[in-house]
Amino acid sequence: MPQTRQPMPFISPDSARHLAIPPFTDQLPEPIWFRLVCMPAEATYPLHQHAWGEFVYSYSGVMEVKLTDHHFLVPPQYGVWLPPDETHIGMNQAEACHCSVYIARPHCELLPAKPCALTVGPLLRAMLDHLRQHPPVVPRTAADTRMLQVMVDLLGQAPCAGSYLPMSTDPVLGKLLRWLELHPEDHRPLTELAREANTSERTLIRRCQRDLGMSFSEWRQRLAVIKAMPLLEAGQTVETIALDLGYNSASAFISMFRRLMDITPDEFRKRADSLA
């Protein structure tokens, strides 16, 4: 972890190749509005807020939502919930196809009062897939209205999961995590990383639990999944991805991926291809 190298920053509106403008500024066309959009690589929704809630779910690729004090990543098992009036930036590094479910304030009462990642269960995922294939149009049918209301009910029952890949503002741990984000192939043990950072392994373990809510090993594996998904969608082989991410064998990478995603890398690729 050379001290002279600077970590790559998250995408900002100034560095994005494509700027996207949120579709509504004053009011929604309907109390619950489903919007499907595919974004090119390095796209950004500039800093904005709105008077309604928003649920962001990514069908392919990884969407990122940046708030003042949180940075959420949206892999397929999760979506990000933003309550009304929450200032945020949306972005994606690789191509991504996602939906936004905009929810008028009166319908947000049973949803979390603070931004969070929501776990997307099988029924909610099936409804989101159905809406991707059959997006509601205006004027709405009674069936579309019922489905959207049921989806909001399910969002209100979805468990909060924090951030899938949380970061830390701690000067030591934060620097280490940013380094690994830039160099996910760095599989040196925590003991060695702590020594180079002039701290102890025990200190880093405590700060991981305090700031991340998970072990260092779990965070590192989640990072590998996030890095692998766009490579799988781009057609790279599992073996190549495993080696590029520092794994000694494809089987070890596949085992880790299946444990975190409940599907193998090849199954993930096939699902992404079917959504393309």
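The residues that line the largest cavity of this predicted model divide into 8 nonpolar, 5 polar and 2 charged, where Ala, Val, Leu, Ile, Met, Phe, Trp, Tyr, Cys and Pro count as nonpolar, Asp, Glu, Lys and Arg as charged, and the others, Gly among them, as polar. A cavity here is a set of points, on a 1 Å grid over the protein atoms alone, where a 1.4 Å probe fits but cannot get out, and its lining residues have an atom within 4 Å of a point.

The model is a prediction in which local features need pLDDT of at least 70 and side-chain atom pairs count only at pLDDT 80 or more, while totals for chains, interfaces and linings use all residues. Residues are numbered from 1 along each chain as its sequence is written, and side-chain values use heavy atoms, with hydrogens and water left out.

The lining comprises 15 residues, of which Y45, E54, V56, G90 and S100 lie nearest the centre of the largest cavity. At least two lining residues come from each of β3 (43-48), β4 (53-60), β5 (63-66), β8 (88-92) and β9 (96-103), strands being DSSP runs of E with at least two residues; β9 gives the most, with 3 residues.

Turning to the helix α1 (residues 122-133), a DSSP run of H or I with at least four residues, L124, R125, M127, L128, L131 and R132 are buried, meaning under 20% relative accessible area with a 1.4 Å probe and protein chains only. Seen down the axis of α1, these buried residues fall within an arc of 160°, taken from the directions to the C-beta atoms, and they therefore line one face of the helix. The face turned away from that buried side carries P122, L123 and Q133, which are exposed, that is, over 50%.

Definitions and conventions
1 Å grid on protein atoms, 1.4 Å probe; cavity = no way out; pocket = protein on both sides within 12 Å on 5 of 7 lines; lining within 4 Å.
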